[in-house]
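This report is for a reader who is new to the structure shown below.

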Amino acid sequence: MTHINTVRTEHIFDIVEILHVLGQLLSPPDLLACCQVSRHWNNVLIPCLWETIDDSQHSWSRILAHYDSEQGKALGQDEVWVKTIFAKYGEHIKNLTLSWRILIDSANEAPCSNLRSLHITNVSSKLTLREKVLQDRIIREIVLQDQNVRQIRTSNDPSTDQWSPAATGPYLSPEFEGVLQPSDTTYRPQDLQGRDWITMQNFWIMARRNVHLRSLRMSIGLRALCKITSDDFIQDVIGGLPELQDLATSFQVGDPYDFVARLRNLESLCTFRWSYRAPSGTLSSLKSLTIHEQVSCRQLFVLLRHFPSLESLAVRSLDKSISEDTSATIVDIIPSQLKRLTFSGIERAHHVGNNINLAEAVLPWVPHLEHIEFYSVSQDGARAILSHCQQLKSVVQSRDDFTIFAQLGQNAGHQFKVFAEFLRNCATLRVLTGPRQMLEVNEIVEYPWVSDQLETLRCQIGGLERLRSEEESIMEGITVRKTTAGVSSGEQEVLEKHARFLEQHRLVYERLATFVHLTSLDLSYELRSVRLAYQDSRHMAGSPLLVARAAKDRPLISDCLALTLESGLGLLAPLINLEMFGFSGIDHRMCKAELEWMAVHWLRLKTIRGLIDAHQPRSEHDRRNAMLREYMRALRPDVEHESVVPISSY
């Protein structure tokens, strides 16, 4: 008889290699639970649990907001606890994404010396509750001294046009002498000024120590802590990271060409400044470049020529002037391999899509372009993009934080016909996103669409004929009578208008239903993301925050789709892959029946954007949305509801 060796099931999960592989697939809460199963599992999975720390995730923000208070001490989650965590598990940490000063300090003191990625985000804006109280007190004192606080920074009076230097502290290393200078005090409490002095040094020491870093990202918030006066210091530290592949820096790095040449493995670079001398030779490692400033056509071609492997390029905007030597620059360049081109700024007149000459000058040299992003584009610009970019997959209108200005009378309004050009002429399109772009019903009905592979559509649909409130009352009366016999001429006009309403909706729904690959359909008219990082009592006039608040009370858009079963919503049943549906700011007229239909027919639906238009119900529309939201939660508890305006802005 042949003997077959068997392995008992309970022993399989004691094998270290198997446990380690499984640990890489689990979320931190699941990993924590597994660590409590046995001592063996704890020893194997602890390195997986602490491999990555992102202080924007899980309970970090809640804990760190109180770590310096009596509450933090009472809960055993004070500064000592934080430092103990890093001292105990620092050797396992490989990826850090930090925005709290205490974590940067603790990570360096631990020390964490096996990092592969180090990302510092919005550190200057992260304050504990105690620090916020102190800062608010300082602001109130300044307001009492001068009601027009903004003139503290803008006055011509030399006694008020500068903040005084912030408090400092000891040097943690001699290398910082002559390199580090205090930034302005702004509204920081004095102890926080000294803390920033130390935190900045801890960051640079930690960056220098981790020579195997592959990703280093420094937001502009880090630069606000203290001033680095030496470009050589920054080049020396970053240049000492030979394995670096991804770098984002808000600091000056001297000559960027020489800097990139030192980092032979660098594939992605994001910087705020760039030198546009004409370098010799080429660098083939860089694949992604982001520059937060305007560039000229000639400078753009210099970048494409010097970095022949570049696949993604993002600049603030493109200078509208074409210099005389641009043609000479073009002669020396072969068509770029660029696949992604982004213009992140808001200077509409300067964008490649808005100037047909610029479009014709640049686009022929990027024939492999698959993604283009812009703030604004003309119809001629859209045609130029379509003419030269035959592999286009994604078109995105950026800067959606200004979309509702048009509805408040502060901007020119929607952009018409542009998206229709892409839908009619680009069969390769997968993503079409533009919250300020309008598709009018006549264009939708009149021209065929070829973008049948579309997966994401975000735009406005308007121009539909809807009944006014008094006409709806007339229509309800006719419906109650259950006969159209003996109707008056006025009632007949309402019936004919209602028939046009139904026909328009049917045609639009049928056209949308052809996008069977759609996973995201957003027809909202509202602001998506309000920039609140710099909002306070001194800078409220004209801010996105006030605009968002004003938007809550404005009338709903009425010439849009009425998302009801009567209007033909059921024609969208073929969109079985839909995961996100948005309709914020429109007079959608949905009831429970429509939500029941969605719950049954869109089984993959994960997110609804449109039933949370305000934090506190203030209008009939808001109260109705709140009721519908709760009903949908009962039908589909797996579906999340997103707000147009973040709760924190109220």
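In this predicted model, 22 residues line the second largest pocket, and those nearest its centre are Pro-28, Leu-49, Trp-50, His-58 and Trp-60. The top contributor is α3, which supplies four residues to the lining of the second largest pocket. Sorted by class, the lining of this pocket holds 13 nonpolar residues, seven polar ones and two charged ones. The space in the second largest pocket comes to about 510 Å³.

**Cavities**

Rolling a probe the size of a water molecule over the atoms shows where empty space is left. How many cavities of 30 Å³ or more does a search of the whole structure find? The search finds two. The table lists their volumes and lining residues.

| Cavity | Volume | Lining residues |
|---|---|---|
| Largest cavity | about 60 Å³ | Tyr-67, Trp-100, Arg-101, Ile-102, Lys-126, Thr-128, Glu-131, Leu-192, Arg-195 |
| Second largest cavity | about 50 Å³ | Arg-62, Ile-63, His-66, Gln-71, Gly-72, Leu-75, Gln-77 |

Around the largest cavity, the residues Tyr-67, Trp-100, Arg-101, Ile-102, Lys-126, Thr-128, Glu-131, Leu-192 and Arg-195 form the lining. Two or more of the lining residues of the largest cavity come from each of α8 (101-109) and α11 (190-209). The lining of the largest cavity has four nonpolar residues, four charged residues and one polar residue.

The second largest cavity has Arg-62, Ile-63, His-66, Gln-71, Gly-72, Leu-75 and Gln-77 in its lining. Here the elements that give two or more residues are α5 and α6 (70-74). By class, four residues in the lining of the second largest cavity are polar, two are nonpolar and one is charged.

**The chain as a whole**

The protein chain contains 25 helices and 20 strands. Of its 650 residues, 49% are buried. Taking the contacts with a separation of 6 or more, 68% are between residues 24 or more positions apart. The chain exposes about 30,400 Å², and 51% of that is supplied by carbon and sulfur atoms.

**Cysteines and a strand residue**

The count of disulfides is zero. Cys-226 has a relative accessibility of 1%, which is under 20%, so Cys-226 counts as buried. Cys-591 has a relative accessible area of 33%; because this lies between 20% and 50%, Cys-591 is partly exposed.

Where is Gln-397 placed? Gln-397 belongs to strand β13, which covers residues 394-397. Is Gln-397 buried or exposed? With 3% relative accessibility, which is under 20%, Gln-397 counts as buried. Apart from its neighbours within four places in sequence, the residues in contact with Gln-397 are Phe-374, Tyr-375, Thr-433, Gly-434, Pro-435, Arg-436 and Gln-437.

Terms used:
Residues numbered from 1 in each chain as written. Predicted model: local features only at pLDDT ≥ 70, side-chain atom pairs only at ≥ 80, totals over all residues. Heavy atoms only, no water. Buried < 20%, exposed > 50% of the residue type's maximum accessible area, 1.4 Å probe, protein only. Contact = heavy atoms within 4.5 Å. Areas by Shrake-Rupley, 256 points an atom, 1.4 Å probe, with all protein chains shown as cover. Disulfide = S-S within 2.5 Å. 1 Å grid on protein atoms, 1.4 Å probe; cavity = no way out; pocket = protein on both sides within 12 Å on 5 of 7 lines; lining within 4 Å. Points joined across faces, edges and corners; volume = space filled by probe spheres on them. Nonpolar A, V, L, I, M, F, W, Y, C, P; charged D, E, K, R; others polar.
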